[in-house]
Every structure is written in C-alpha cells, then in structure tokens.
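Student: Please put the model up. I would like to go through it by question and answer.

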Amino acid sequence: MTAAKPRREIPGTPMFDGAAARKGYALNKMCFTFNSADNRAEFVKDEAAYCRKYGLNAEQEAAIARRNVLDLIAAGGNAYYLAKFAGILGLDMQDIGAQQTGMTKEAFKAKLLEAGK
Amino acid sequence: MAKIVGGIVTSHVPAIGRAIAGGLQEDAYWKPFFDGFPPVQKWLDEVKPDVAVVIYNDHGLNFFLDKMPTFSVGAAPAYQNADEGWGIPTLPSFPGDLDLSWHLIEALVEKEFDITTCQEMLVDHAFTLPMKLLWPKAGDNWPVRTVPVCINTVQHPLPSAKRCFKLGQAIGEAVRSWDADARVVIIGTGGLSHQLDGERAGFINKEFDLQFMDSLVTDPAWSTQYSIEDLVEKTGTQGIELLMWIAARASLGSVEQVKMLHSNYHIPISNTAAGLMVFENID
C-alpha cells in the first residue's frame, strides 16, 4: 500500500490529511455521533462499551480514557470532531489549549491576550 | 438581473453562541467584539438585501468523513440548525432560495467547478452565528433568503487559496447573471488566525491578519500567492478558514468595484483573532 506524499511539517501543527483520516476513522466517527444528546448520554453511561461499538483500536480507546488531546490527535483524531468529545467533558477551548501546551489555563489565556498587543 | 449590494466577512466561533444566549454583549470580554456589528446592521437596514449567499465551512454537523465534498452548494427550501454537541441553543431555520441555488449550481458547473449539491443540509455555527450577529432582532423570521456554499477545511487536501478565489469570482458572475430582481449580499465566515490543536495551540498572528485584511481592500488576490501549507503556517490550523474571506471578497469584483465601509479586529475571542469587514459594491 502506497501512502500519499507526506505534507510539509509545521512544528506543533497537525495537518488532518488522508493518512490521519484513514487512521482516525473509527475515533472520528464515534465523536461525530456526539452531535446527538442521546449518544452523549449513552457514552457517559458506559464509555468502554461505546468505544467498542464504534470499533476504536487500543490506542484510540486509551487516549479517550486518558482525555489526552495530543494522544487523540496522534491516534487520528480531527480537531472538529474531538471538540464534540471535549463538550461532553465540559472543557472549553482554553482548557484544551492549556492541556496541549502544558500550560495552566490562566497562562494560556494570558498568552492569547498577549497576542493582541 | 440580480444585483450584488456588497459583502461581509466575519469570524465565527461557537463561544459567540453562548455569549448571545447569555446576553453577554456588554460584558468587558465580549464588548470589543460585539461593538463591531451595529454599523454593519445599520448598513444592512439601508441596502436591504433579499438574499444572502453564505460561504462557510462545516465543522462536522452536516458532513462527516464518509463523504467530504470540497465545494458544496445548498439547494434546500430551508436550512435547519442542530445540536453540534455543546448544548448551544439552536437558531430558527433559514429560508432557502431554490431559484438562486439552482442558478448557482448550473453556473458553477458550467465554469468547471464540480460541486456537490445538497437538497438537505444542516447548517452549523459557522453559518448561523454570523446571521444572528448581522440580524440580531430577526427572531423566527430571517429578513433574507439564503444559499449556503460550503468549503471543506476539515480534511486535507483543501482547495488552494487561488482556487477559492476563482470560485468566488464564479459565484459573483453567477449572481450577476441571475434573471431576478433581487438584491444579494455575499457573506464569508471563518478565521482569522487561530489554532485549536497541537503543541502550537493558541497560535495567533496579528501581523499577518492585518496584512490580509488590508489586501482585501488594495489587492484582493494577494493571498493567492500562498499554498495551503504556507497559510496554515501563517494563520494556524483553523486560521485556514480565511479561504471563505478570499472567496467572498473575490465574488464582489475588483478594487474599483467595491468600497470598504467598516472593519473591526479583536484578539481574542476564545482562541481566535476575530475580524470583520464590510464592502459595498459601487458598480
């Protein structure tokens, strides 16, 4: 199987391309179902069973269990679908940003404010 | 023939929906953002468009990775908003304009844009929130009919800036050749610089954003010199949504055909540099 030509690497910047889309299909499909409140409730009731239902692999299931965004991206997750998972957890985009950059939420928010100066 | 009255380009961020629902427009954090809109609302009251063509990107409400069209055009009698997973209140449905939809579809395919047509289409925050920002008092009755045009920014390869510019030009030509006594406004939503994912999350590039906004006034094709990778590097993984601005601005015509009436730029709204520009057509 021949993979597509790799894209130019931009440090710290995942490009969701064909390779990621192939790798992350099951994970993203599960997250897509979180558009529905019933599905969100079903996930919360039994996370492992819900992950199995959508055929997540071990890496994806572990990343879901750890709520680790960088691991979820490495497992093929797409930011837009993962945002729906973050919604279940009650995390906003500053929580997500802080987690990925290893900053406190306050420091991350300060960094955003600083960008406006 | 139909007339393009002008265009509006603006950012879209889910958090805006929460701010509107919570009535936070005067809150210190939100005020610099919401204060950008009254001049636009006033202009819309004056030019009174009948139809809005809304160029936006879906974030996993209507499209999933099972089928991911590069360019898609709505052809539905109405467009529903729906739960995107975050519990933001949904907005009332938007009336379509089937005549313009099908005219646009015919014209774009004629010009070799192999678009996807959608007779059912859910519209997400990228479509609904700008509409609410532009017509805050609309209630259940939006004052315009709508035609959504969606550009894929979910899965690479994305269409190039150059291609999106040409799409915009083709949309502009199509609208102007529509045999209808209608006034049309073109809306582009997305950007400006922001990045939600990866170790570079929180990336914002004020210098580039301001240069880009200036280019829409002085040299609208300026950004088409850049590749998608260049633009992701300069604006962030989601900053690439500036493709909607490029297409919307291209639809309006040359530097001589438009006058920039109003702009606003504020950092941050959530993780995003929020921009807003209004152009009036003087042709």
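Tutor: First, a definition: axes are lines fitted to C-alpha atoms, for helices over the stretch in contact, and angles run from 0 to 180 degrees between N-to-C directions. This is a predicted model, where local features need pLDDT of at least 70, side-chain atom pairs count only at pLDDT 80 or more, and totals for chains, interfaces and linings use all residues. Residues are numbered from 1 along each chain as its sequence is written, with chains lettered from A and ligands numbered from 1 in the order in which they are written.

Student: How are α4 and α6 of chain B oriented to each other?

Tutor: Helices here are DSSP runs of H or I, at least four residues, and strands are runs of E, at least two, numbered from the N terminus. α4(B) (residues 98-110) and α6(B) (residues 161-176) pack at about 130°, axes 9 Å apart. Angles under 35 degrees count as roughly parallel, over 145 as roughly antiparallel, 65 to 115 as roughly perpendicular and the rest as oblique. The two helices are therefore oblique.

Student: Which residues of α6(B) does α4(B) meet?

Tutor: Contact means C-beta atoms, placed from the backbone, within 7 Å. From α4(B) come H103(B), L104(B), A107(B) and L108(B). Their partners in α6(B) are A170(B), I171(B) and A174(B).

Student: Which element of chain B gives the most residues to the side that touches chain A?

Tutor: In total, 31 residues of chain B are in contact with 38 of chain A. Elements giving two or more residues to that side of chain B are β9 (258-269) and α8 (228-235). The most, 3 residues, come from α8(B).

Notes:
Two residues are in contact if their C-beta atoms, placed from the backbone, lie within 7 Å.
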